[in-house]
Amino acid sequence: MANTRQSKKRARQNDARFAVNKARRSRIRTYLRKVEEAIATGDQDAAAAALRSAQPEMMRGVTKGVLHKNTVARKMSRLSARVKALG
């Protein structure tokens, strides 16, 4: 349990940051799910549009420290290859 004023403040900050990061991760997963669903339907145009809308959200996750840049690069590469293979 936090005892000092500083550790109590840090605990509050951690809770607030956790909530923000959780919301951001959830939003990124939603965008990724939309891409996956578009790929599953076989519609290349819809999949490409979903991928274009997901890319900035994923990159924002990198700049905010939610995801590692190599993780996002790997996911983007694999998704774009799958979208390209639809055509």
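Predicted model: local features only at pLDDT ≥ 70, side-chain atom pairs only at ≥ 80, totals over all residues.

Biologist: What makes you say that the charged end of K34 sits over the ring of Y31?

Modeller: The charged end of K34 is 5.6 Å from the centre of the Y31 ring. The distance cut-off is 6 Å, with the charge also within 35 degrees of the ring normal, and this pair is counted as a charge over a ring.

Biologist: How many aromatic pairs turn up in the whole structure?

Modeller: The search finds 0 of them.

Biologist: How do you know that the span of helix α1 agrees with what it should be?

Modeller: Helix α1 runs over residues 5–41, which is 37 residues. At 1.5 Å a residue they should span 54 Å, and the end C-alpha atoms are 54 Å apart, so the two agree. After α1 comes G42, with a positive phi near 90°.

Biologist: Which residues of α1 are buried, and what do they pack against?

Modeller: The buried ones are N21, R24, I28, L32, V35, A38 and I39. They pack against α2 (44–63) and α3 (69–86). Take V35: leaving out residues up to four places away in sequence, V35 touches A47, A50, L51, A54 and L79.

Biologist: What makes up the largest nonpolar core?

Modeller: That core has 15 residues, and V35, I39, L51, M58, L79 and V83 have the most contacts inside it. Two or more residues come from each of α1, α2 and α3, with α2 giving the most, 6 residues. As a general point, nonpolar side chains in soluble globular proteins tend to be buried together.

Biologist: Why do you say that the buried residues of α3 line one face of the helix?

Modeller: In α3, the buried residues are V72, M76, L79 and V83. Looking down the axis of α3, they fall within an arc of 75°, so they line one face. They pack against α1 and α2, while R78, K84 and A85 are exposed on the other side of α3.

Biologist: And how about the span of α3?

Modeller: The 18 residues of α3 should span 26 Å at 1.5 Å a residue, and the end C-alpha atoms are 26 Å apart, so that agrees.

Biologist: Why is T4 called partly exposed?

Modeller: T4 has a relative accessible area of 48%. Buried means under 20% and exposed means over 50%, so at 48% T4 counts as partly exposed. T4 is in the segment before α1.

Methods. Residues numbered from 1 in each chain as written. Heavy atoms only, no water. Phe/Tyr/Trp six-rings, centres within 6.5 Å; stacked < 30°, edge-to-face > 60°. Helix = DSSP H or I, 4+ residues; strand = E, 2+ residues; numbered from the N terminus. Expected span 1.5 Å × (residues − 1). Buried < 20%, exposed > 50% of the residue type's maximum accessible area, 1.4 Å probe, protein only. Contact = heavy atoms within 4.5 Å. Core = buried A, V, L, I, M, F, W, Y, C linked by side-chain atoms within 4.5 Å. Arc of directions from axis to C-beta.
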